Amino acid sequence: MNTNIALIMVDLQNDFCPGGNLSVPDGDAVIPLANQLQKKFERIIATKDWHPKDHVSFASNHPGKREGDVIIMDGIEQTLWPNHCIQYTHGSEFHPSLETSKINKIILKGMDKTVDSYSTFFDNAHLRDTGLAAYLKENHITDIYIMGLATDYCVKYSCRDAVKLGFNTSVIVDACRGVELHEGDIANALEEMRNEGVKIVYTPDVL
């Protein structure tokens, strides 16, 4: 891999893996792939959901509402989730099998209690950025490969924003897993990404 290419590993945290508060089906299956992929990249970024206890996305903070309900907050649709990836908890830590020694940068997102942040670049209102785009540009990154959790949320929104920011963007499909809150969500997410210019690739293509 040349030095203008980066790997972005999205939210490979305990709460998104089996046994976690917001377990993505088969989520831990991507960890060995993440470790293999890291060997091919010189620039590696990992992201974390990093929520305060009173985060807007937690159903527990909305009396009378249930996980999976959708509310409108400041004009933005917000799906309500179980409490997850709360700052400084076990659930917010990287999966224990993830190789972390080669990670160059960790990007924290979802820290503002009033707005969620699916994308690794911006919050859902696109009012604040995480600093990821600036970091990539400072390091002369032009091409990014994205993998992680979950296909139909944080991976999808990260890929879409990456394209809009001008990065040549590929999603490593087999190194992602989705929530599939509704049937077809994963397939629809991949179609959205493809239609917006994201290249669909698989781990063997990269290795």
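Tutor: Let's start with a term: a residue is called buried when its relative accessible area is under 20%. Keep in mind that this is a predicted model.

Student: Thanks! Is C85 buried or exposed?

Tutor: C85 has 0% relative accessibility, so C85 counts as buried.

Student: And how many disulfides are there?

Tutor: A disulfide needs two cysteine sulfur atoms within 2.5 Å. By that rule the count here is 0. For C85, the nearest cysteine sulfur belongs to C154 and lies 8.8 Å away.

Student: Now a charged residue. What surrounds D152?

Tutor: D152 sits in helix α3, which spans residues 151-164. D152 is buried but has no salt bridge, and K156, the nearest side chain of opposite charge, is 7.8 Å away. A salt bridge would need a distance within 4 Å. The D152 side chain does reach the backbone nitrogen of V179, at 2.8 Å. Beyond four places in sequence, D152 touches G178, V179, E180, L181, D185, I186 and A189.

Student: Which residues have the most contacts inside the largest nonpolar core?

Tutor: They are M9, F121, L136, I144 and M147, in a core of 57 residues. Elements supplying at least two residues each include α2 (132-138), β6 (143-149) and α3. The biggest contribution, 6 residues, comes from β1. As an example, L136 contacts A6, I8, I45, F121, I141, I144 and F167, leaving aside neighbours within four places in sequence.

Conventions
Residues are numbered from 1 along each chain as its sequence is written. This is a predicted model: local features need pLDDT of at least 70, side-chain atom pairs count only at pLDDT 80 or more; totals for chains, interfaces and linings use all residues. Side-chain values use heavy atoms; hydrogens and water are left out. Helices (H or I, at least four residues) and strands (E, at least two) are DSSP runs, numbered from the N terminus. Buried means under 20% relative accessible area, exposed over 50%, partly exposed in between (1.4 Å probe, protein chains only). Lys and Arg count as positive and Asp and Glu as negative; His and the chain ends are not counted. A polar contact is a pair of N or O atoms within 3.5 Å; within protein, one must be able to donate a hydrogen and the other to accept it, and residues adjacent in sequence count only if both atoms are side-chain atoms. Contact means heavy atoms within 4.5 Å. A nonpolar core is a set of buried Ala, Val, Leu, Ile, Met, Phe, Trp, Tyr and Cys residues joined through side-chain atoms within 4.5 Å.
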